[in-house]
Amino acid sequence: MSIFAKPKQGGASIARARNSQKIATRLEANPAVRKAKVEAAQVYYYPGFLSDAECDTLIRLIDANRRPSTLLAASDDPYFRTSESCDLDRWSPEVRPIDERMANLLGVPPEHGETMQGQRYAPGQQFRAHYDWFSENQEYWAAMKASGGQRTWTTMIYLNDVEEGGATWFPQAGLRVAPQRGLLLAWNNMAAERAPNPATLHEGTAVVKGVKYIITKWFREHPWINMPIKTY
């Protein structure tokens, strides 16, 4: 994840903007999808995208494979990201249908999607404000460019309700979303000028009571290549 880095304009592409607009148009034509009432970023809701059984399956997989979450860029704050994560096998019969359904929702070829990541937040755990897009003036950008380029869209699904806390907060866009079992949240990480959108800054606020489970899938502008990436 990039942390409070200003977007670099030079790497933006016309194709990136065209593809983002196609995805937005597709989502807005879907009667099951609602657009968030904010101006600074394109954010969409799809309630009930996953069934209870699918949510339970993914929670079980996360619990079986979780490890401390990592960052792409080092942070001086030891509490910046305190959740646990796991990489879900995209080819398994339990994950593949969900993985491909998320890609189809956006109209993006599945090969543009990174490995679906599961995340678990116990009481007190959080992910402070960050961007999903890559800062193109950071050391990690060369590896990100080689492995599929910029992250253009994010899809995230809440797998359970949380008793207290755990909301996803977009402070610059003015949006706060409480966890709701089966709800998919999708947003465009790019701005109209084809550069990363600073208004997509978001935070996984600390869980107060209960445990929060989500899955996140990031989509690249080009087909994603699974490469060893240094993390912190």
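**The sheets and their helices**

In this predicted model, four strands make up an open sheet, arranged in the order β6-β12-β9-β10 with antiparallel pairing. Its edge strands are β6 (127–130) and β10 (175–177), each of which pairs on one side only. Direction ignored, neighbouring strands of this sheet are turned by 10° against each other on average. Within it, two bridges connect β9 (residues 168–170) with β12 (residues 202–204) in the antiparallel sense; T168 has G204 in β12 as its bridge partner.

Another open sheet consists of eight strands, again with antiparallel pairing, in the order β1-β2-β11-β7-β14-β5-β4-β3. Here the edge strands, each pairing on one side only, are β1 (34–35) and β3 (67–68). Strand β2 (residues 43–46) runs antiparallel to β11 (residues 184–188), and four bridges join the two. In this pair, V43 stands opposite W187 of β11.

Helix α3 spans residues 96–106, and its buried residues are I98, D99, M102, A103, L105 and L106. These residues lie on the same side of α3, because they cover an arc of only 155° around the axis. Just after α3 comes G107, with a positive phi of about 75°.

Notes. Residues numbered from 1 in each chain as written. Predicted model: local features only at pLDDT ≥ 70, side-chain atom pairs only at ≥ 80, totals over all residues. Heavy atoms only, no water. Buried < 20%, exposed > 50% of the residue type's maximum accessible area, 1.4 Å probe, protein only. Arc of directions from axis to C-beta. Pairing = 2+ DSSP bridges. Axes fitted to C-alpha atoms, helices over the stretch in contact; angles between N-to-C directions.
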